[in-house]
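Below is a short report on a protein–DNA model. It takes the DNA strands in turn and then the interface between the chains.

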There are 2 protein chains.
Amino acid sequence: MRIPVAERRAALVAATLAVVERDGLGGASARAIVAEAGMPLGALHYAFPSLDHLLAAALDAVTDQERLAAEALLGAGVDGSLEATLAAGLDAYVSLLIARPARELAYLELMLQASRDRLDREPGTGRYARSYAVVAALLEEAAAATGHRWASPVLELARHAVAMLDGITTTWLADHDDAAARATARFLAAAVAAHAQKEG
Amino acid sequence: MRIPVAERRAALVAATLAVVERDGLGGASARAIVAEAGMPLGALHYAFPSLDHLLAAALDAVTDQERLAAEALLGAGVDGSLEATLAAGLDAYVSLLIARPARELAYLELMLQASRDRLDREPGTGRYARSYAVVAALLEEAAAATGHRWASPVLELARHAVAMLDGITTTWLADHDDAAARATARFLAAAVAAHAQKEG
DNA sequence: TCCTCACTTGGACGACCGTCCAACTTGAGG
DNA sequence: CCTCAAGTTGGACGGTCGTCCAAGTGAGGA
């Protein structure tokens, strides 16, 4: 089968995400990935210089697609107060986490591996910056919809929110306490909402 | 050299933590660990049934020692208001993270690996429960020292704090933004302090 | 139709893996 | 000093790993 290289790369990235989600980063071997993609072994080094390059590409993809898609849920229901709106969005994320924990786990594994690789090198290339921007836009939207404005820089609040989403994830992965995770989501909603003021 | 089995196990656990911190979970092979411990290869399976058992023991150890030691810093400076006290403690954690990121990274890698192993099995054995209890005790102490009492269940607040500490960690690992991490620590301090009320 | 060459393939290679176990060392009891 | 069981060791084993590359393949130009 003759396939454009770009398409091959995309298929390999998708297969990589599927394997990491199913078997973890340790199970993401070259053979497992090409088997998942239904490709011969050699196709990997034809499309990517090395397995590490493929894993890096997979992290970029998950940053672009999965994360943004997941966090797009946060703007789902805009009906009540600002705090209730935020709480509903964060609760939706917790539901997604509980329903598909391996996906979030896979993302964390890829991110941690990448962060180790550049611990001694230059600081991060700002891969999270896109997440911050997306969450910041959602915060703006939620404030506008409920007639508030933010008293603190929105990008800063967004970073706090992204951090806490990560924390909710790792903590739930450790204790599987659904109710506590939702409580932490409400805690975060209140903490963020405290930085808004009713528009005059 | 004849060494009691318990002492051998402890040395292997310490060596495992050193290797994971230096080379990551992927570099934590049986040979790398025994080399770090200055032991022959066979010693590992003499002290532990398998490498996985050793990694599990290492996670238990880090939960008991490193984490608690790190978080004991949180109660360091008790001088100003409650919020300032909490902020100082959390800022101390951020300093520790920036100074020794590989240690926190190693802890997260071990925790995530363990959480994947029991994704399809019984829920977590409550390994984080000890962290919650320690942080809860520190919160109680900080409130008492500044004449406050907690309006929400302390254990619940502690879980939120632990979650957010994890989030601060993963987020800083991703973007290496020192100032932003400290800002998130202050955000958390304010959010937690909001759940306290001055004692009458 | 056939040639050509870029694209594609999977077996080969050396390295490393976790685990096992036969051989060796050790120190206490006789 | 000898015996022997308990403790200790490192080489052997089968397997998997990432990477490479010689051979195979098929679409487009002649």
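## DNA strand D

In this predicted model, a polar side-chain atom of B:Tyr46 lies 2.8 Å from a phosphate oxygen of DNA strand D; a polar contact here is a pair of N or O atoms within 3.5 Å, and within protein one atom must be able to donate a hydrogen and the other to accept it, with residues adjacent in sequence counted only if both atoms are side-chain atoms. A polar backbone atom of B:Ile3 is 2.7 Å from a phosphate oxygen of DNA strand D. A:Arg31 reaches a base instead: an N or O atom of its side chain is 2.7 Å from a base oxygen of DNA strand D.

There are 17 residues around DNA strand D, and A:Ala30, A:Arg31, A:His45, A:Leu51 and B:Ile3 come nearest; a residue is near a strand if one of its heavy atoms lies within 4 Å of it. Of the atoms of DNA strand D that come within 4 Å of the protein, 64% belong to sugar and phosphate. The surface near DNA strand D has eight nonpolar, four polar and five charged residues (nonpolar: Ala, Val, Leu, Ile, Met, Phe, Trp, Tyr, Cys and Pro; charged: Asp, Glu, Lys and Arg; polar: the others, Gly among them). At least two residues of this surface come from each of α2 (30-37) of chain A and α3 (42-47) of chain B; helices are DSSP runs of H or I with at least four residues, numbered from the N terminus.

## DNA strand C

DNA strand C is surrounded by 17 residues, of which A:Tyr46, B:Ala30, B:Arg31, B:His45 and B:Leu51 are the closest. Sugar and phosphate make up 65% of the atoms of DNA strand C that come within 4 Å of the protein. The residues near DNA strand C comprise eight nonpolar, four polar and five charged.

Phosphate oxygens of DNA strand C lie 2.8 Å from a side-chain N or O atom of B:His45, 3.0 Å from a polar side-chain atom of B:Ser29 and 3.0 Å from a polar backbone atom of A:Ile3. The elements giving two or more residues to this surface are α3 (42-47) of chain A and α2 (30-37) of chain B.

## Interface of chains A and B

Chain B and chain A each bring 47 residues to their contact (heavy atoms within 4.5 Å). About 3800 Å² is buried between them, 65% of it on carbon and sulfur atoms; buried area is the accessible area (1.4 Å probe) lost when two parts are put together, summed over both. B:Arg116, B:Arg159 and B:Phe187 supply 20% of the area that chain B buries against chain A, more than any other three residues.

Four salt bridges link the chains (a side-chain nitrogen of Lys or Arg within 4 Å of a carboxyl oxygen of Asp or Glu). In one of them, B:Arg159 pairs with A:Asp175, with the closest N and O atoms 2.4 Å apart. On chain B, α1 (5-23), α7 (101-117), α9 (154-175) and α10 (178-193) each give two or more residues to the side touching chain A. The largest share, 15 residues, comes from α9(B).

## Conventions

Residues are numbered from 1 along each chain as its sequence is written, and chains are lettered from A and ligands numbered from 1 in the order in which they are written. Local features need pLDDT of at least 70, side-chain atom pairs count only at pLDDT 80 or more, and totals for chains, interfaces and linings use all residues, while side-chain values use heavy atoms, leaving out hydrogens and water.
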